[in-house]
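This report goes through one structure part by part. Please look at the sequence and the model first.

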Amino acid sequence: MLKIENISKSYGKGSVKAVDNIDLEIKSGEIFGFLGPNGAGKTTTIKMIVGLLKPDGGKISIDGVDVWDSPLEAKSKISYVPDNPEIYDKLKGIEYLNFIADMYEIPKEERIKDIEYYTKLFNIEHALGDIIGSYSHGMKQKIVLTSALITNPDLFILDEPMVGLDPKSAFNLKEIMRKMCNDGKTVFFSTHVLEVAEKICDRIAIINKGKIITVGTMEELREHAKEKESLENIFLELTE
Amino acid sequence: MNKMISLIKVDINNTYGLSTMAHSLKDKKSRWRFIIFGILMMSLIPTYIMLIRALGNMYDASIQIGQRSYFLQMGIFASQILVFVFGIIYVMSKYYFSNDLDQLVPLPIKSSHILGSKFVTLMISEYLTSLPIILPFILIYGIRGKEGILYWIYSFLLALGIPVLPLVIASILVMIFMKYTNIKGKKDLLRIVGSSIFLFLILFIQFQMQSIMQKVIAGGDEFYINLAKNSNLLVMKLGVVFPPSMWGTLSLVNYGNFSGLSYVLLFFLVSIIGYIIMILLSEKIFFDGLIGNMEVSSSKSRGSRIIGIKDSIKINKPYISLAKKEVKILFRTPVYLLNSVGGVIILPAVLVMSTVTGDESLELLTKVLGEFPHFIVLPAIGMIVFLGMLNSIGCTTFSREGKNFWIQRTLPIRIEDQIIGRVLSSLIIQLVGIVAMIGSIFFIAKIRLGNILIIAILGLLGSIPMTQIGMIIDILRPLLIWDNPQKAMKQNLNVLIGMGVGFLYGGILTFLTIKLFDKIDINYIYIILALIFILSSYILYIILKKLISKQFIELQ
């Protein structure tokens, strides 16, 4: 589904390598967790996948479509939720959702059904008539999640999705991820919350200083680690 | 007092981006910006010189009628009126809609300190309006009349003091206006409608006064006798409208004797009293207008606007949806509303109305226009086309996205839709301008439906390339990092560059039209203009398509 080949990105005229020659392949129907300490290169990698940052070298393709050669086709397969929900403060919630749906050209019936379903699930249906500027951080997060989900993406990419969500919504989001994968869709997300990764990810990659240190299922990661313990210990050991 | 000084420092730094400027001067790429800026500023010099020459002629005329002082008065009066009109817009966005208020209000500072510091920064901005106007008047009067040293000292003081009173009056009016329109629920609508009416009212009163003055000045047989007797007659007549302009003039005219000194003192005394009144008033009413402003929509009212999802969902083509989003944000962000929408309404009204003063000139004008309607149709088209750039929509369209730009870049939007949608949003605002234009024209002359259609169609067609030129500039160097919408529109260099290029494009077309004017039938001119507009729109569209797809990939 998502294939990342040899991508690198450096800042400041090549002096700082944020991402250093990364290779990853994520299959359809997989929930893939992307872990790493602050400044490891998680967000940079994600931004390159969704088309916000051009890699210095390498190739990213989604379902065989090159992200940088055919951006439109690639983007129509992706939905992206950034770590900071910066969206149009002056639009009403419903207007924003409708705008996104227009861009993905989602048919009316499907639009209504999905907006009703997800806004109810995240408990923001009562706020849709208000402008987004009046929302709390968590509510903004939820409206961005809703806008990403109504497009019914093949590849769902989330940057630190659990930050700012209340426990119930975080639980619901995990359920949604699981269900999407059962339907053959792919979820790729970065997180600091190791329990989340441990519980729901099919596979995990740990990135540190721009390089992938390890990739695999929880079992495989445990085998590689000296002490076969929790993900927390593995993480601490590997990123030292 | 220390608080006040540090507030002023921070505000000046923030408003003019001094720290950022210092930082970017070190950066090679940004240094180019300053060079471009310099070149642009220099390109305005020839026009300015022409203007000064014309003023020189006016000075001669005022000597001929023995009213040399009237020349100075016109300069002072014009700069004060402009400071006042701009002041109302500036004051509203600076006192009530700037983002730093969120941080200032919770601090233990008096409202008079907040307002006082903002007033000082505004004064500096207003010098940019008032000095280019008043300086040529002072210089011509002083140099041609070989005035003494005291004249220059007084002039210097007056040049500094001129914006104070108009800005004080604008501040007080806006504060009162904001206090009484701060009504829950209907606040936004009330303020938009209110401020439009308010501005029109001011303009209307202004023109009424002007025409009354003209009548008074021109009327009666004794007028000429009085004119000969009193060399300051015209000054006093115009002084009725706004006395401080008269005091300023008289102090400069009589700088050699005691009355000059007393007029200077009077001028500054009244300015200071005005400032104190404004500060005292601000303690009482500033927060009243402000507080409700900052709560976007309170949590209590949440749920009161529960909407039916089914009824609110509308399917639109992507470009229509994009245009709608743009227009909504333009209307809902006060800074954008005042600058773009306000601009296209006010500018035509001011320009059209200011060409007419007094009934006699009106009669003559109506007569001429009845026979040669294109004398009004062509300038009207030109005005609308220029508004296509002056509305700043094209040249800030990507900058306005700011931190939300990621949305545009990650969504599967075709570049064609990006262009059409954004041009469309500018045209919608232009339509408002066209209505304002035709409405103001009706004040002075009745024009036929056919001509209205020509103005509308050619105006809109011409607005397309203007918007596209702006978009090209903006996509090449979008200003995406800002915390205050003011920076995206008012402090965006792209607006200035856009105007430079736009004026060049418009200037060439104006030149062409004048050349063709008496050579071919007017209808052919309309057709030629339409063809040029369509052709340039198409060429710019192709360029934009390439640039946007490149920049959407390259930008970081």
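In helix 19 of chain B, the residues B:L378, B:G382, B:V385, B:F386 and B:M389 meet B:G498, B:M499, B:G502, B:G506, B:T510 and B:T513 of helix 24 of chain B. Two residues are in contact if their C-beta atoms, placed from the backbone, lie within 7 Å. By class, the contact of helix 19 of chain B with helix 24 of chain B has five nonpolar, six polar and no charged residues. Ala, Val, Leu, Ile, Met, Phe, Trp, Tyr, Cys and Pro count as nonpolar, Asp, Glu, Lys and Arg as charged, and the others, Gly among them, as polar.

The model is predicted: local features need pLDDT of at least 70, side-chain atom pairs count only at pLDDT 80 or more, and totals for chains, interfaces and linings use all residues. Residues are numbered from 1 along each chain as its sequence is written, while chains are lettered from A and ligands numbered from 1 in the order in which they are written.

**Helix pairs in chain B**

Helices (H or I, at least four residues) and strands (E, at least two) are DSSP runs, numbered from the N terminus.

| Helix pair of chain B | Angle between axes | Axis distance |
|---|---|---|
| Helix 19 (374–390) and helix 24 (493–516) | about 160° | 9 Å apart |
| Helix 21 (415–444) and helix 25 (522–554) | roughly 120° | within 9 Å |
| Helix 5 (68–96) and helix 7 (111–144) | roughly 155° | within 9 Å |

Angles under 35 degrees count as roughly parallel, over 145 as roughly antiparallel, 65 to 115 as roughly perpendicular and the rest as oblique. The crossing of helix 19 and helix 24 of chain B is right-handed. A crossing is left-handed if the near helix is turned anticlockwise from the far one by less than a right angle, and right-handed if clockwise.

Helix 21 and helix 25 of chain B cross at roughly 120° and are therefore oblique to each other. This crossing is right-handed. Here B:I415, B:E416, B:Q418 and B:I419 of helix 21 meet B:Y541, B:L544, B:K545, B:I548 and B:S549 of helix 25. The residues of this contact divide into five nonpolar, two polar and two charged.

Helix 5 and helix 7 of chain B are roughly antiparallel to each other, and helix 5 passes helix 7 in a right-handed crossing. Their contact has 17 nonpolar, six polar and three charged residues.

**Sheets in chain A**

An open sheet of six strands in chain A has the order 6-7-8-3-9-10, with mixed pairing. Two strands pair if DSSP finds at least two bridges between them. Strand 6 (78–81) and strand 10 (211–216) of chain A are the edge strands, each pairing on one side only. From one strand to the next, the twist averages 15°.

Five bridges link strand 9 (203–208) of chain A to strand 10 of chain A in the antiparallel sense. Within this pair, A:A205 stands opposite A:V215 of strand 10. Helix 6 (167–182) of chain A packs on the sheet and touches strand 3 (31–35), strand 7 and strand 8 (186–191) of chain A; its direction makes about 145° with that of strand 8. Helix 5 (137–149) of chain A lies across strand 6 and strand 7 (155–159) of chain A, running at about 175° to strand 6.

An open sheet of four strands in chain A has the order 2-1-4-5, with antiparallel pairing. Strand 2 (16–26) and strand 5 (65–66) of chain A stand at the edges with a single partner strand each, so one side of each is left without a neighbour in the sheet. Strand 1 (2–11) and strand 4 (57–62) of chain A run antiparallel and are joined by five bridges. The bridge partner of A:L2 in strand 4 is A:I62.

**Domains and chain contact**

The domain assignment of chain A gives domain 1 (2–77 + 154–238) and domain 2 (85–152); such bounds come from an automatic or database domain assignment. The C-alpha centres of the two domains lie 25 Å apart. Nine residues of domain 1 of chain A are in contact with 10 residues of domain 2 of chain A. Helix 6 of chain A supplies the largest share of the domain 1 side, four residues.

Between the chains, 36 residues of chain A are in contact with 34 residues of chain B. Helix 3 of chain A gives the most to the chain A side, with six residues. That side divides into 19 nonpolar, seven polar and 10 charged residues.

Technical notes. Axes are lines fitted to C-alpha atoms, for helices over the stretch in contact, and angles run from 0 to 180 degrees between N-to-C directions.
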